[in-house]
Amino acid sequence: MRSPKRRTEGGFTLISVMIALVMLTIGLMALAKVQASLVRTQRDTALRGVALSVARSYTEELRSRDPWTLATEAPVTVDLRGQVDPTGPLTRSTTVVEDATNLVRITVQIAYPGQTQPVQIITMAYRG
């Protein structure tokens with residue numbers, strides 16, 4: 001009488017293949033979520049850099065003016081170059097406060113969509 005043949009070939013069972021597919025799917029979904037987060041962060045960082053550039057440029061423009069003519073300005077919508085544009089993505093506001101005799105504090109603030117905190121530059125001007 002012959003003994004039954006033993007399987008000598010190893011292989012994957014259906015359950016082990018299903019577990020591997022589930023693990024692969026979870027990993028790919030996590031990777032996609034991280035990628036989406038990176039893209040959003042990169043966009044926000046780029047927009048914040050543009051806002052900072054616009055704030056610096058406008059601060060320098062204000063510093064080149066006669067300090068006695070500086071005044072607080074209402075918020076205005078500007079484009080990515082800092083030019084006034086009603087459809088622009090950025091909002092610029094300027095506050096001028098007299099801190100001491102002949103000394104004013106100028107605050108330029110740029111708000112942008114999706115912000116957590118607006119870009120703000122503060123400088124001082126002497127009225128001599």
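How many bridges join E1 and E2, and in which sense do the two strands pair? E1 and E2 pair in the antiparallel sense over four bridges.

## Basis of the model

This is a predicted model: local features need pLDDT of at least 70, side-chain atom pairs count only at pLDDT 80 or more, and totals for chains, interfaces and linings use all residues. Residues are numbered from 1 along each chain as its sequence is written, and side-chain values use heavy atoms, with hydrogens and water left out.

## The sheet

Four strands make an open sheet in the order E1-E2-E3-E4, with antiparallel pairing. E1 and E4 stand at the edges with a single partner strand each, so one side of each is left without a neighbour in the sheet. On average, neighbouring strands of this sheet are turned by 20° against each other, direction ignored. Strands (E, at least two residues) and helices (H or I, at least four) are DSSP runs, numbered from the N terminus. Two strands pair if DSSP finds at least two bridges between them.

E2 and strand E3 (residues 103-111) run antiparallel and are joined by nine bridges. In E3, Val104 is the bridge partner of Glu98, and Gln109 is the bridge partner of Ser93. The hairpin of E2 and E3 has two residues between the strands, and Asn102 takes a positive phi near 65° there.

## Val76 in strand E1

Val76 lies in strand E1 (residues 73-78). With a relative accessibility of 21%, Val76 counts as partly exposed; the classes are buried under 20% relative accessible area, exposed over 50%, and partly exposed in between (1.4 Å probe, protein chains only). Not counting residues up to four places away in sequence, Val76 touches Val84, Leu90, Thr91 and Arg92, where contact means heavy atoms within 4.5 Å. Thr45 is 31 residues from Val76 along the chain, and the C-alpha atoms of the two are separated by 22 Å.

## Helix H1 and the sheet

H1 packs on the sheet and touches E1, E2, E3 and E4. The direction of H1 makes about 15° with that of E4; axes are lines fitted to C-alpha atoms, for helices over the stretch in contact, and angles run from 0 to 180 degrees between N-to-C directions.

Thr59 is a residue of helix H1. Thr59 counts as buried at 5% relative accessibility. Leaving aside neighbours within four places in sequence, Thr59 is in contact with Val108, Ile121 and Thr123.

## Nonpolar surface patch

A nonpolar patch on the surface is formed by Phe12, Leu14, Val17, Met18, Leu21, Leu24, Leu28 and Leu31, which together have about 890 Å² of accessible area. Patches are made of residues with over 30% relative accessible area and no salt bridge; like charges are joined within 9 Å, and nonpolar side chains (Val, Leu, Ile, Met, Phe, Trp, Tyr) within 5 Å. Accessible areas come from the Shrake-Rupley method with a 1.4 Å probe, and for residues only the protein chains shown count as cover.

Leu31, one of the patch residues, is placed in helix H1 (residues 14-64). Leu31 is exposed, its relative accessible area being 56%.

## Salt bridges

Six salt bridges are found in a search of the whole structure. The criterion is a side-chain nitrogen of Lys or Arg within 4 Å of a carboxyl oxygen of Asp or Glu. Side chains of opposite charge can pair when their charged atoms come close. Glu61, Arg65 and Glu73 are linked in a network of salt bridges. In the bridge of Glu61 with Arg65, the closest N and O atoms are 2.9 Å apart. Glu61 is partly exposed at 37% relative accessibility, and Arg65 is partly exposed with a relative accessible area of 32%.

Asp79 and Arg81 meet through their side chains in a salt bridge (3.2 Å, N to O). Asp79 counts as buried at 12% relative accessibility, whereas Arg81 is exposed at 64% relative accessible area. A further salt bridge joins the side chains of Glu98 and Arg127 (3.9 Å, N to O). This pair links distant parts of the chain, 29 residues apart: Glu98 is in strand E2 (residues 90-100), and Arg127 is in the segment after strand E4 (119-126). Glu98 is exposed, with 51% relative accessible area, whereas Arg127 is buried, with 10%.
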